[in-house]
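Hello,

Here is the structure for you to look over. My notes on it follow below.

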Amino acid sequence: MESLLSLAFDNLSSYDGVKIRKGLKQVEGLLAQICLSGPNNKKAPAAPTEPSRDGESPQRKVLADLGGDPAFREFFKLQDGFEWNIAQRLLPTLDWLVARGGDGQYDLLVVNALDLIQGVLLLHPPSKVLFSRSMHMNLLLDLIEPVNCPAVQCATIITLVVALLDSPQNTRVFERLDGLLTITSLFKDNEMPREVRFKLTEFLYFYLTPETPSIPKADGRGNNGAAQGGLLQRSPSKLAKVFGRSNQMDGRERPTSESSSTLSVEAKKQYVDRYLPGVVDQLLKDLDTYKPFGGILS
């Protein structure tokens, strides 16, 4: 796994569009091998994103089953460290693509990179600590702006949801950088494409749900007992310390207990009401009535 990641990282840092595309494909292939399994076959298929030779599509692994998968456990262990962390390699690549692709020539690669960041953050939640840094949160906020194509805006909004999910510390950074003002300003823009407005509405639904921290306490156990809990508990010890030192070195304020505290739905309702007066009650009513996201956030 390290050799594959090494090749992918070399391509991602090449500052060449063709090689970056190859690096993104290599990362995508690795994540696919972890998330997919061949039908009735313990052996992983050669091309996990394509149908198998007997005509059956690869079966998706249930997230709860990944804790017992040796490949996933090895992947998770590698992501705990700075050297092999995929998310922190994708972010500089994304920044380069945005800076060099002002004419839209790299839009597909930007969307691809955002999709991979979403996947990595879901498979390795401790990597979300990267978005406690203002520079990385600002990158997402820049990508939501109307100067970008709707596909990039939509992919960025989804990435933002994943980065904030179960991460109050990141949500406080988002608020401090006027992220809510950005979202609501776009929401009020009558010329906003329909698909972008839909994602913005979904984001507001998400923002108005109760907050919970992602990392359980030492005695916390998931459905898989100690195995699942152990994977999550040890993760911040390495990665968070690395980026905690980075925040101190570059002069940025290190997150405090106040910045990482949770806010009540009522408090967040007041924040949204500053920018969208009279809309919040209807959003909360819709959240309770229509139960977006399958009702899991209601």
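A residue is called buried here when its relative accessible area is under 20%. The model is a predicted one.

I started with helix α9, residues 179-188. Of its 10 residues, 7 are buried, so the helix is largely enclosed by the rest of the structure. The buried ones are G179, L180, T182, I183, T184, L186 and F187. They pack against five helices: α6 (134-144), α7 (150-164), α8 (168-176), α10 (194-207) and α13 (265-275).

Two packed helices are described by the angle between their axes and the distance between the axes. For α9 and α13 the angle is about 50° and the axes lie 9 Å apart. That angle makes α9 oblique to α13, and the crossing is right-handed. On the α9 side the contact is made by L180, L181, T184 and K188, and on the α13 side by Y271, V272 and Y275. Sorted by class, this contact has 5 nonpolar residues, 1 polar and 1 charged.

In soluble globular proteins, nonpolar side chains tend to be buried together. The largest nonpolar core in this model has 71 residues, and those with the most contacts inside it are I86, F131, L160, F174 and F203. Helix α5 (residues 107-123) supplies the largest share of this core, with 10 residues.

F203 touches I157, L160, V161, L164, F174 and I183, leaving aside residues up to four places away in sequence. Among these, I183 is one of the buried residues of α9.

Regards

Definitions and conventions
Residues numbered from 1 in each chain as written. Predicted model: local features only at pLDDT ≥ 70, side-chain atom pairs only at ≥ 80, totals over all residues. Heavy atoms only, no water. Core = buried A, V, L, I, M, F, W, Y, C linked by side-chain atoms within 4.5 Å. Buried < 20%, exposed > 50% of the residue type's maximum accessible area, 1.4 Å probe, protein only. Helix = DSSP H or I, 4+ residues; strand = E, 2+ residues; numbered from the N terminus. Contact = heavy atoms within 4.5 Å. Axes fitted to C-alpha atoms, helices over the stretch in contact; angles between N-to-C directions. Parallel < 35°, antiparallel > 145°, perpendicular 65-115°, else oblique. Left-handed = near helix turned anticlockwise from the far one by under 90°. Nonpolar A, V, L, I, M, F, W, Y, C, P; charged D, E, K, R; others polar.
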